[in-house]
Each structure stands twice: as structure tokens, then as C-alpha cells.
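Q: Please take me through the terms applied to this model, setting each value against the definition behind it.

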Amino acid sequence: VLLNTVSPAIFLKDNQVVSIPPGGALLDSVAPMDFLPGFNLEGFPNRDSTKYAEPYGIESAHTLIRGTLRFKGFSSAMSGFVKLGLINTEPCPMLDPTATPVSWKELLCHVMGLQPSMSSSSFTDAVYDRIGKDDYRMEMLKWFGMLSGEPVPHADTILHAVAKHLEAKLSFGK
């Protein structure tokens, strides 16, 4: 789910092939979805939609989009994660199980090239600037505890640490 936010997408819209490059641009293609009354959903294209025309016998379709549905706000929050470098699949030695635990603030300072000793207000301002001065994204980061001294789960990559963290924060109760 997290990797999908930085994946490319190709779809057909009004007989034109639309290509969205990798790296987070997909999150700028979000549209409100109101076909299910009572749900506050948004949708965005998912991978290569064009390859489904022939198998489904809909080659004459003028628009063909295979998409992902999420609750409204998901894309904005994930865009903040992307802008902060949290959807990163590169090995991250500082998160290794044998390494000294680091806080989310320390990790974000490392990713953003900032000194971890900087004041909390300077750190918060730097994050706010990096996420496009978006209040919703900032509130999501705070709600998830990702601007705090809370320890980051040990993992081989930042992406895996984020996934572990979200799994714990978003799990259902009994």
C-alpha cells in the first residue's frame, strides 16, 4: 500500500494515454469518489490500466482506469510521507536491530540533513516547510507520533519501519 503511492501509473482518458511518473506524482491525481453513498472516498490510478482492455474485451473504451480507493485524506497524508522521504526502500543502517534506537525526530533530521540537536520549534518549522506548509499533513504526522521522541521500530529500511509503526498505530482493538 505504501509503495503504491510512489509507483507510476498509465491509464486511458478520453482516448488519450496518460502517464504518471514514479516518485509521488500519483498523489496529485487524486479525485473524489462519490459513487458509494455514505463513504467519503478518494481514488487514484493504479499501475498500468491499459493492459486490461483486451482481457476484459473493452478495447473500444474511451476511458480505462484501474484505481485504488482510500478514505479522504489518505493521499494528502501519504504525500507528506513522500515529501519527508519516509517511503524509502534503501537500506538504513541506523534502523538496524543491532543499532541504538533512534527517535522519529532523529530519523527525520537524518533524512532531511538537519542536526538532531536543533530545537523542537526549528525542527517542526523545517518539517512544515518540507511538506508544503500543509496543516492536515502536519496534524497527521503529529497524530502518528512521527515528530516526537518516540522510538522508530527497527527495520532494514525506512519504509519497513514506517509500515511497522502504522501497523501498530492503526490496528483494531479486540
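**Terms and values**

Q: What makes Lys-133 count as exposed rather than buried?

A: Lys-133 has a relative accessible area of 53%, and exposed means over 50%, buried under 20% and partly exposed in between, with a 1.4 Å probe and protein chains only; Lys-133 is therefore exposed. The model is a predicted one, in which local features need pLDDT of at least 70 and side-chain atom pairs count only at pLDDT 80 or more, while totals for chains, interfaces and linings use all residues. Residues are numbered from 1 along each chain as its sequence is written, and side-chain values use heavy atoms, with hydrogens and water left out.

Q: Why is the meeting of the side chains of Asp-129 and Lys-133 called a salt bridge?

A: The N to O distance between Asp-129 and Lys-133 is 3.7 Å, and a salt bridge requires a side-chain nitrogen of Lys or Arg within 4 Å of a carboxyl oxygen of Asp or Glu, so the pair qualifies.

Q: What separates Lys-142 and Glu-139 in helix α4?

A: Lys-142 and Glu-139 are three residues apart in helix α4, which puts about one helical turn between them; a helix here is a DSSP run of H or I with at least four residues, a strand an E run of at least two, and both are numbered from the N terminus. Their side chains meet in a salt bridge with an N to O distance of 4.0 Å. Lys-142 has 46% relative accessibility and Glu-139 has 44%, so both are partly exposed.

Q: Why can the pair of Glu-150 and Lys-169 be said to tie parts of the chain together?

A: Glu-150 forms a salt bridge with Lys-169, the closest N and O atoms being 3.7 Å apart. Because Glu-150 lies in the loop between α4 and α5 while Lys-169 belongs to helix α5, the pair ties together parts that are 19 residues apart in sequence. Glu-150, at 28%, is partly exposed, and Lys-169, at 33%, is partly exposed as well.

Q: Why can the buried residues of α4 be said to line one face of the helix?

A: The buried residues in helix α4 (residues 135–143) are Arg-137, Met-138 and Leu-141. Seen down the axis of α4, they fall within an arc of 100° and so line one face, the arc being that of the directions from the helix axis to the C-beta atoms. These buried residues pack against α1 (74–83) and α3 (120–130), whereas the face turned away from them carries the exposed Asp-135 and Trp-143.

Q: What makes Asp-134 a cap for α4?

A: A side-chain oxygen of Asp-134 lies 3.0 Å from the backbone nitrogen of Tyr-136, at the N-terminal end of α4. Beyond the helix, α4 is followed by Gly-145, which has a positive phi near 75°.

Q: Why is Phe-144 called buried, and which residues does it touch?

A: The relative accessible area of Phe-144 is 7%, which is under the 20% limit, so Phe-144 is buried. Phe-144 lies in the loop between α4 and α5 (158–169). Leaving aside residues up to four places away in sequence, Phe-144 touches Phe-81, Glu-150, His-165, Leu-166, Lys-169 and Leu-170, where contact means heavy atoms within 4.5 Å.

Q: Which residues make the nonpolar surface patch?

A: Phe-35, Leu-36, Phe-39, Leu-69 and Phe-71 make a patch of about 510 Å². Patch residues have over 30% relative accessible area and no salt bridge, with like charges joined within 9 Å and nonpolar side chains (Val, Leu, Ile, Met, Phe, Trp, Tyr) within 5 Å. Phe-39, at 47%, is partly exposed and therefore passes the 30% limit; Phe-39 sits in the loop between β3 (31–33) and β4 (41–45).

Q: What makes the phi of Asn-15 worth noting?

A: Most residues other than glycine have a negative phi. The phi of Asn-15 is positive, near 65°, in the loop between β1 (9–13) and β2 (16–20). Arg-47 likewise has a positive phi, about 55°, and is found in strand β5 (residues 47–48).

Methods: Areas by Shrake-Rupley, 256 points an atom, 1.4 Å probe, with all protein chains shown as cover. Polar contact = N/O pair within 3.5 Å; in protein donor to acceptor, adjacent residues only side chain to side chain.
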